[in-house]
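This report describes the fold of a single protein chain, from its overall composition to selected packing details. The sequence and the structure are shown first.

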Amino acid sequence: MENDAHIYGGDVMGEKEEMEALRRENEKLKEENAALHERLKSGEEQKRIFTQRLNHGIRTPLNASIGLTNLILQKKVREDELENCIRRIEKSGNEIKKVLNDLWDYSFLTNEKVRLEEREYSMAELLSEVDAQLRVRTGGKEIREHLELDPDMPSVLYGDATRLKQILMGVVENAIRFTKEGSIFLKIRVDLLDNSDTANLFFSIRDTGLGFSEEQVNKMFEPFGGKEIIDEDLDELETGFELPIVRRLIEIMNGGIQVSSEKGKGTEILFVIPQKVVDKSPIDFSEDVIDDFHFVAPNAKVLIVDDNEINLTVAKGHLLPLQMQIDLAANGEEAIEKVKQNPYHLIFMDYMMPGLNGLETVKKIREEDGGKYKDIPMIALSANVIEETKKIFKAEGMNDYLEKPIKPNDIISMTKKWLPKDLLQKTEEATFEIKVEQNLPKIEGINPEEGVKYSGSKKRWLEMLSDFYHIIDFKKKKIEDDMAAEDYASYTVEVHALKNTARLIGAMELSTEFYELEQLGDEKNVDKIREKTPGVLNHFESYKPILKPYAFSSEEKERNVVSNDEIIAVLKEIRDAIDGFDLDGADEGMEKLNTYEVPKQYKDRMKKLRALVADVAMEDVISETTALIDELSK
């Protein structure tokens, strides 16, 4: 019995232990379930907050834009306030564009497997690029910049310099955004690891701006977190995705970041990133570093390719201070021929052109003559630069890209980045300076400050107004002809070009309208194209009387009375120049022709010729000059 009782007791004890184990397991599962529930609730809450902030980030400027547009349409805006309203609408559009671009970048970095593009680079050159952009960003503020670089900084490192620059610019721009006046300090220290080819780079960016509480600092790395830490007295201060993108990039590069801040006194952001060392010899700033805007390159040969002469004129004008040998090409076929004849050091290539587009042209150049030209740096020029197009440019043979409309500081920086270093000659004076032009004329439908910003100077902007005037009739007819022929591919190229050209002169509302037509063309929405285009073209045509005073520098001056033979000689110069792809020669001939008094019955023909030359309509120029020569010879 005792034995049986013992066995029975053992079974009872075993069941009790088993029950206790099950109870503990059940408690553990309940705790895990509760934790999971909290995580789900937290995730849903984060999703709700993110969606709410995204909604706010887009709806706020969108509502402002729609509201102001309605006021204008209802004629409730005084004439003296109209320009300011249009500028605010444009600003709202740019804010929405920035939110969407940043959302795309953040989504890509968060959800995709990002591959670093590592190569050898100079920290000195990278810092000079950052410094140049920093000067541009602080142009309208009383902010002093201070750079302190570790004297042991290696001259050549290996890593993803593009991403490192993106991180630096993101942090620096954040400092600028929250600093109305005062100073920004950038300090870089290097820790060379013993018996290793790796160094830890320590970056400190400190500002004397707003400063934040601990709670506010914790939100800085959340998407749209900055919206909750903006001082009402400050204009345009908003952090959306910049710092979240920065933190994600630093994580991808195996680094770390931290923030310290004190309200009213400023903020310091510190981050560390490991990089491989190629050359441990320290940077020699006195000899090796050429500032972005303190150089010329008289021995460099550069080709600019674009089907729009205004774009060619602007790009060439931006580069003229660098004293380079600059050639122009109006299409892909011409570019290929010029490359065969000239040893170019750098090519700027428009992405969207009729005939061969930019990517097709680059591919043909790379394959030409057994790959003879495969190492020429080629820079894409495009108005639609997003993460996907960047990848396409890279895959199709482009080395880099510039967003259109092109700003002078950007194309100069890009030139310095990709030209062979032995072609750069340091100068004491800056070849380009950011300055505010005074006494700009007020022109209906034109934002002169925007026009000067993109053209680089008041003088060049006024020249572009003249060019724009002369293409209005020709371009309007070309678009109407494309619609009649149902050639919507050509239609889309034309309105795309006019979107950029209008923006270049500061016609911001017109530029937006052409952008909308471009989108309809991309979508092949024929019904909407036919509905919307006439109104936009009427708006386009309305600029003729507005810009007529700027159309010809000598239009109101006394012209030279010359013989028909002298007019014919200049027409032949223009025809031969165009036939030989000499766009500068054609322009010079046209300017000479503009000083001549031509027979009355040919005045409109000469204006048409001016528009054809301005639009680089090569076959039409040859046809028209030939016809004029024949008629004047009789």
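Contact here means that heavy atoms lie within 4.5 Å. In that sense, Ala315, His318 and Leu319 of helix H8 meet Pro408, Ile411, Ile412 and Thr415 of helix H12. The model is predicted.

**Packing of H8 and H12**

Two packed helices are described by the angle between their axes and the distance between the axes. For H8 (residues 309-319) and H12 (residues 408-418), the angle is about 65° and the axes are 9 Å apart. The crossing of H8 past H12 is right-handed. Sorted by class, the residues of this contact comprise five nonpolar and two polar ones, with no charged residue.

His318 also takes part in another contact, with Arg460. Arg460 belongs to helix H14 (residues 458-484). Although 142 residues separate Arg460 from His318 in sequence, their C-alpha atoms are 9.6 Å apart in space. Besides His318, Arg460 touches Thr313, Val314, Gly317 and Ser455, when residues up to four places away in sequence are not counted. Arg460 counts as buried because its relative accessibility is 17%, and the cut-off for buried is under 20%.

**The chain as a whole**

The protein chain contains 22 helices and 16 strands. It has 634 residues, of which 47% count as buried. Of the contacts between residues at least 6 apart in sequence, 72% join residues at least 24 apart.

**Sheet and hairpin**

Strands of a sheet pair through backbone hydrogen bonds, either parallel or antiparallel. Parallel pairing is found in an open sheet of five strands, ordered S10-S9-S11-S12-S13. Its edge strands, S10 (325-329) and S13 (400-403), each pair on one side only. From one strand to the next, the twist averages 20°. Helix H9 (residues 332-341) packs on this sheet and touches S9 (301-305), S10 and S11 (346-350), while the direction of H9 makes about 145° with that of S10.

Antiparallel pairing is found between S4 and S5. These two strands form a hairpin with five residues between them, and Asn195 in the turn has a positive phi of about 50°. The table sets out two strand pairs, one from the sheet and one from the hairpin.

Does the length of H20 or its burial come into view here? Both do, as follows.

Helix H20 (residues 583-594) has twelve residues and should span 16 Å at 1.5 Å a residue; its end C-alpha atoms are 17 Å apart, which agrees. The buried residues of H20 are Leu583, Gly585, Ala586, Gly589, Met590, Leu593 and Asn594. An α-helix has 3.6 residues a turn, so residues three or four places apart point the same way.

Helix H22 (residues 618-633) includes Thr625. Thr625 is buried because its relative accessible area is 0%. Apart from neighbours within four places in sequence, the residues in contact with Thr625 are Leu571, Ile574, Arg575 and Leu609.

How values were computed. Residues are numbered from 1 along each chain as its sequence is written. This is a predicted model: local features need pLDDT of at least 70, side-chain atom pairs count only at pLDDT 80 or more; totals for chains, interfaces and linings use all residues. Side-chain values use heavy atoms; hydrogens and water are left out. Helices (H or I, at least four residues) and strands (E, at least two) are DSSP runs, numbered from the N terminus. The expected span of a helix is 1.5 Å times one less than its number of residues. Buried means under 20% relative accessible area, exposed over 50%, partly exposed in between (1.4 Å probe, protein chains only). Two strands pair if DSSP finds at least two bridges between them. Axes are lines fitted to C-alpha atoms, for helices over the stretch in contact, and angles run from 0 to 180 degrees between N-to-C directions. A crossing is left-handed if the near helix is turned anticlockwise from the far one by less than a right angle, and right-handed if clockwise. Ala, Val, Leu, Ile, Met, Phe, Trp, Tyr, Cys and Pro count as nonpolar, Asp, Glu, Lys and Arg as charged, and the others, Gly among them, as polar.
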